[in-house]
Number of protein chains: 2
Amino acid sequence: MSSLPTGPGPTTPPPALPEGALRVVALGGIGEVGRNMTVFEFDGRLLIVDCGVLFPEDDQPGVDLILPDFRAIEDRLEDIDGLVLTHGHEDHIGAVPFLLRLVPDLKIYGSRFTNALLAAKAKEHRQRPNLIEVREGERRKVGRFDLEFFAVNHSIPDALAVAIRTPAGVVLHTGDIKLDQLPLDGRLTDLAGFSRLGDEGVDLFCVDSTNAEVPGFVMPERDIGPVLDDVVRKVGQRVIVACFASHVHRVQQVLDAAVRHGRRVAFVGRSMVRNMGIAADLGLLNVPDGLLVNLDQASDLPEGKVLFVSTGSQGEPLSALSRMARGEHRQISIRAGDTVVLASSMIPGNETAVFGVVNGLTRLGANVVHQGNAKVHVSGHASAGELLYLYNAVRPSNVMPVHGEWKHLRANGELAVRTGVAPENVVIAEDGVVVDLVDGKATRTGRVEVGHVYVDGLSVGDVGESTLSDRLVLGEGGFIAITVAVDTSTGRAVTRPTVSGRGFSDDPKALDAVVPMVEMELARTEAEGITDTHRIAQAVRRVVGRWVADTYRRRPMIVPTVIPV
Amino acid sequence: MSSLPTGPGPTTPPPALPEGALRVVALGGIGEVGRNMTVFEFDGRLLIVDCGVLFPEDDQPGVDLILPDFRAIEDRLEDIDGLVLTHGHEDHIGAVPFLLRLVPDLKIYGSRFTNALLAAKAKEHRQRPNLIEVREGERRKVGRFDLEFFAVNHSIPDALAVAIRTPAGVVLHTGDIKLDQLPLDGRLTDLAGFSRLGDEGVDLFCVDSTNAEVPGFVMPERDIGPVLDDVVRKVGQRVIVACFASHVHRVQQVLDAAVRHGRRVAFVGRSMVRNMGIAADLGLLNVPDGLLVNLDQASDLPEGKVLFVSTGSQGEPLSALSRMARGEHRQISIRAGDTVVLASSMIPGNETAVFGVVNGLTRLGANVVHQGNAKVHVSGHASAGELLYLYNAVRPSNVMPVHGEWKHLRANGELAVRTGVAPENVVIAEDGVVVDLVDGKATRTGRVEVGHVYVDGLSVGDVGESTLSDRLVLGEGGFIAITVAVDTSTGRAVTRPTVSGRGFSDDPKALDAVVPMVEMELARTEAEGITDTHRIAQAVRRVVGRWVADTYRRRPMIVPTVIPV
């Protein structure tokens, strides 16, 4: 394994791009899972592939979304020829509204379903993006770039891979991909097309790394159908199936089972209702007339005649399923004998939340069927066995693993090497690392700065590392605030100090010692002739901080305010 | 599955315990994973089995440990005949020092290794507990209770199960258990003893539920040896193995591999050094002379001649391994070609932290071997197949699953039913639910209050739900503090308002609008003749809160302080 180039790569800015060369920079999505965005540059023009969001971790409290860092292209917005969207998942389209704030007339190329999902999202942002529909098999010039689109199989319909031809060479970007050989909609990943492109010669192959560590092959989506059918058939009471709100084929299989066993279906959760409406409108989801009911109608039906398809499979605390698990859902009370199916994976980081939901549902008497005890989920990303097929079809000169953390990228690179790619032609480049394709050889040549851009409520970017670090301190230990008014001519306190603590202790007497302590300190600063409010505040912070550390071994934020009068 | 009694059980206090009956209450450990503590009562006397801690979740920020709730026994401390410890893991012994504060002379019964680990822990608390050594095969009266101890195999040496005989019937409590048929130390779980007890008749069987959902059998610990050996043999550079600091047999296999391949070993991490010292002293760990080196000596050795055994397998941010992954460890810098083995499971909730460590190590060029890509871990808890052996050996009249969340308890109960236990004799009882064994039948008869008792720094119990909920608000959104001095005779502000925000925004101008807004509000309250500082503060909170919600769609804590002058 040591044959691959290792380490995080260059730290200095890249050199000027040589004439006739192609540059690739990920502004998100490499070295992490989410906010995918890759920028291609040729002859002074830019093409962007995907523009998604990343969901925050525990050490990013209060953050709603994390965006790719647009700084590297901020001064070059007029150089952008277009944005290609490979598919409609949030981690590929979620940041588009924020890019549109900078480039309202951006040309956006996506498949029918992808564009429909983006249009619905843009509407919530009161935007009307310039959407151009493309489809598999199509070849189209976008500015300086000659694009070709390929059908790709994933956990959402209508996904595409894109080939980018420039005089510098041919790039193939898979987007998110797997190779289900029996897809529900019959739309195979176009391995034949990839092979043809391979015959032509692929200079740089950007490949989905998500499951590169997983040996073997992903089971066909189709094989889940009988398992779901079996559950629905056996259960006499209510069935609630939770899955991703964009997984049209999973939902289709649930609907089919409902139809077969005489159950009506209610969709639960805003995004589920919206997305399945779009899918049905576009003919991607087959919903027999009269199958759907609303929640009120559903509660009038006998228990054995109804099935709910719900969001909340990741344990999101505000989702319908979480509320059911806590016994707080207005319309659906879980009863002994109900069956809940989690037809989904757990996104890393959501384990505790999901287990909490399972625990709550079980406590109320529901039987919970999940990936751990039944085959009710398959991944949307190619495992190692499938990736080998891709490498052997494409036979690329250079490989750049994308979509994944370092361990995924490394594992994917190793697979490329095993199919015959020279180790020195495998480029592992995290966000911001600049990769130049010069004379058919891809090399890491420099780095542009890529940070986390946080969305919190309505504003973007004003919550940064300093605010987050304050939140972490406050969240761990709360604060103790001490306020006093001081006569700045004498340095004498003109009020008694006011002390309040929040998030520190439930004990109302916990801070009783603080006022006398601060008064003593203020007497000292006054005696020393200190009249500067900042110095007085510092003295107060020091004495209270030391006391709380000694007495409680805790580290709340100490917030002294000295008001000059 | 619906045959089992479901739902959380009774909510009212239990009736008086009938004469000749046995009562069982868990004050921790059922309906959750951790802080195991079960109280048995007969004829007015109490016997406690285990007294462990639970580690906090994300929604319990700043908390160090969670203790069992002692309230139910607080008034009955003099009725306690003794505390039995089944083994030395933190979730079984960690809360003993806190119980000792209430009952310093408590008689504590444990095996040699368990007592040694507890003694080391108690020493840190400056306590010298009254430890009584017991061993498998031993039978001993403890007050009103007649105890018998059985050897049990688990992921720590010297674990015990305990049978409790009273005139009300025979209870068998497994502690944590598995049935490795080829244990490294030859010490089998005493299934023969359990069978003999089963012949005698077991009225209530308390059974470890942790892996009840996992089908089949746990692979022998011994089978990990060759995998570890293979890694150590093949690697030319440094090897770092991280595992639980109490897993003596796992460490033994690592040491054996090091010896075979000519590597010296350094222990890294305080608890690893301490526990392996104890294990070696007691003859449970075989350390050849000259094998161990300290960290300084280790760094002088050639890369292929050294192996580190480290803590940090759960991604603990301050552990040695996490510091290595961030490139911050003083003595060990990860280099390309180093191999790190995570010979451990991931405790649910730690996934993100562990993946972060793996990602960091990989980014620095290390090869990371873990449960996901090599067989370097087996569980310490019996899978479903083993649990069936237990039920068939013991043939209990009543079953009470312990150690686990609801889903584990339910799954374990189902296994009991499949071996012939009547569903109505399976008692699923979460923390606080009172189970009475009367005339050979176990029933849930009531509930005592069991809450979370938080340890934060030096104090116990003063951090409660109100403090935690403040911390969650502060951690999500920070605070905005507004301070003003007001003349309480007129209601007029005598200073300009002081505004400061922490954890709210990095933008220094973010709160510029607040001072004029508060001044306008103060003018209004003054004009209305409001002089009460609380009412003025409320008015300020309302106006600032509304402004921040409208402008930012955020919910920081608003902290107004009105100082009367």
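The centres of domain 1 and domain 3 of chain A, taken over C-alpha atoms, lie 52 Å apart in this predicted model. The bounds of these domains come from an automatic or database domain assignment, which for chain A gives domain 1 as 23-216 + 379-447, domain 2 as 221-370 and domain 3 as 465-564. Residues are numbered from 1 along each chain as its sequence is written, while chains are lettered from A and ligands numbered from 1 in the order in which they are written. Local features need pLDDT of at least 70 and side-chain atom pairs count only at pLDDT 80 or more, whereas totals for chains, interfaces and linings use all residues, and side-chain values use heavy atoms, with hydrogens and water left out.

The annotation "binding site" covers H87(A), H89(A), D91(A), H92(A), H154(A), D176(A) and H403(A). These residues span 317 residues in sequence, yet no two of their C-alpha atoms are more than 13.8 Å apart, so they gather at one spot. The feature "active site" is placed by the UniProt record at D208(A) and H381(A), which are spread over 174 residues of sequence but cluster in space, with a largest C-alpha distance of 7.5 Å. D208(A) belongs to strand β12 (residues 204-208) of chain A.

Over all chains, the structure holds 79 salt bridges, each defined as a side-chain nitrogen of Lys or Arg within 4 Å of a carboxyl oxygen of Asp or Glu. In one of them, the closest N and O atoms of E221(A) and R250(A) are 2.7 Å apart. This pair links distant parts of the chain, 29 residues apart, with E221(A) in the loop between β12 and α6 (224-234) and R250(A) in helix α7 (residues 248-260) of chain A.

Between the two chains, 69 residues of chain B are in contact (heavy atoms within 4.5 Å) with 70 residues of chain A. Together the chains bury about 5900 Å², 52% of it on carbon and sulfur atoms, where buried area is the accessible area (1.4 Å probe) that two parts lose on being put together, summed over both. R363(B), L458(B) and D506(B) supply 11% of the area that chain B buries against chain A, more than any other three residues. The count between chain B and chain A is eight salt bridges, and a salt bridge also joins the side chains of E430(B) and R363(A) at 2.7 Å, N to O.

Terms used:
UniProt positions renumbered as here; feature names shortened; annotations may be inferred. Helix = DSSP H or I, 4+ residues; strand = E, 2+ residues; numbered from the N terminus.
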